[in-house]
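Visitor: I'm new to reading protein models. Could you walk me through a few features?
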Amino acid sequence: MIKLVACDLDGTLFNSKVEISQENIQAIRAAQENGIEFLIATGRGPTQSQQIIRKAGLKTGFININGALVFNKDGELQVKCAIPAAKVTQIVALLQKRHLYFEIIAANHAYTESIRKRIDYLAQMLVTLNPKLTLPQARITAANNKALLNIIEVNSYRELLVNKNIEVMKIIAFDARGADAFIDVKKDIKRLGGLAVTSSSAANIEINAERAQKGIALLDYAKIRGIKREEVAAIGDNLNDESMISNAGVGVAMGNAVPRIKKLAQVVTKTNNDNGVAYILNKFIAANAQK
């Protein structure tokens with residue numbers, strides 16, 4: 001019996017237009033009404049992701065920033081795992097040395113040194129998700145999406161690094177050239193130790209504290225809730241979902257998932273544009289009813 005479902009956002013609950021379909025919304029509500037707790041598991045920060053879910057009329061718990069912050073459905077903090085300040089300084093220096101564009105994610109806000117560059121990378125992401133879009137169209141969409149642009153522009157990251165009130169939960173770097181662009185910097189970061197490096201697309205890397213991983217956070221949350229591992233399911237599509245797909249009792253890969261995630265999962269559902277989340281949730285509801 002499935003009692004807890006963790007679900008990624010981008011490429012999973014979101015379709016290629018970065019929207020949550022009515023079919024998925026209805027299925028989440030049905031799951032909750034049938035005793036299945038639904039948990040959003042995302043690399044996004046709390047402010048951005050929670051705003052999106054509230055707008056859809058849903059109330060859920062959250063694994064935010066890849067597991068650096070975990071909240072129950074009442075918004076109460078359950079888990080926090082920041083990157084040590086000394087490590088943040090080292091990571092920033094490495095990324096700047098490699099001339100990579102990156103953003104710093106704290107508990108309540110995301111920061112960039114260039115809103116223009118953020119729009120450019122968001123536009124590239126939208127084109128990847130929806131090839132029918134032209135890059136100029138995608139730039140307009142990105143520039144007008146308040147949820148996607150919920151970020152603070154700073155003159156320099158140095159002012160953040162000296163602010164002891166800001167705890168850095170994640171650093172995300174982008175490069176349109178894809179995975180090959182990160183080979184060297186990933187080796188540099190690995191040598192620092194105590195860090196987890198994942199990706200939510202071929203064009204980025206996400207750097208967290210070692211324990212800030214979706215899978216670890218999911219099982220920690222399940223333990224708090226008194227739910228067994230075999231009663232937990234996880235749904236995802238990309239490499240930052242790997243730890244929760246492999247640690248959950250039932251790992252579910254989207255039909256559009258990268259090959260590694262499909263290989264790890266016990267189940268493959270439909271694509272994000274075919275309401276794959278709703279499809280598998282309805283399967284869980286039906287299977288639970290038979291037990």
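Visitor: Is Cys81 buried or exposed?

Guide: Buried means under 20% relative accessible area, exposed over 50%, and partly exposed in between, using a 1.4 Å probe and protein chains only. Cys81 has 17% relative accessibility, so Cys81 counts as buried. Cys7 is buried too, at 0%. A word on the source: this is a predicted model, where local features need pLDDT of at least 70, side-chain atom pairs count only at pLDDT 80 or more, and totals for chains, interfaces and linings use all residues. Residues are numbered from 1 along each chain as its sequence is written, and side-chain values use heavy atoms, leaving out hydrogens and water.

Visitor: How many disulfides does a search of the whole structure find?

Guide: A disulfide is a pair of cysteine sulfur atoms within 2.5 Å. The search finds 0.

Visitor: At what angle do helix H4 and helix H8 pack?

Guide: Two packed helices are described by the angle between their axes and the distance between the axes. Axes are lines fitted to C-alpha atoms over the stretch in contact, and angles run from 0 to 180 degrees between N-to-C directions. Helices are DSSP runs (H or I, at least four residues), numbered from the N terminus. H4 (residues 85-97) and H8 (residues 183-192) pack at about 160 degrees, with axes 10 Å apart. H4 is therefore roughly antiparallel to H8 (an angle over 145 degrees).

Visitor: Which residues of H4 and H8 meet?

Guide: Contact means heavy atoms within 4.5 Å. From H4 come Lys87, Gln90, Ile91, Leu94 and Leu95, and they meet Val185, Asp188, Ile189 and Leu192 of H8.

Terms used. Helix = DSSP H or I, 4+ residues; strand = E, 2+ residues; numbered from the N terminus. Parallel < 35°, antiparallel > 145°, perpendicular 65-115°, else oblique.
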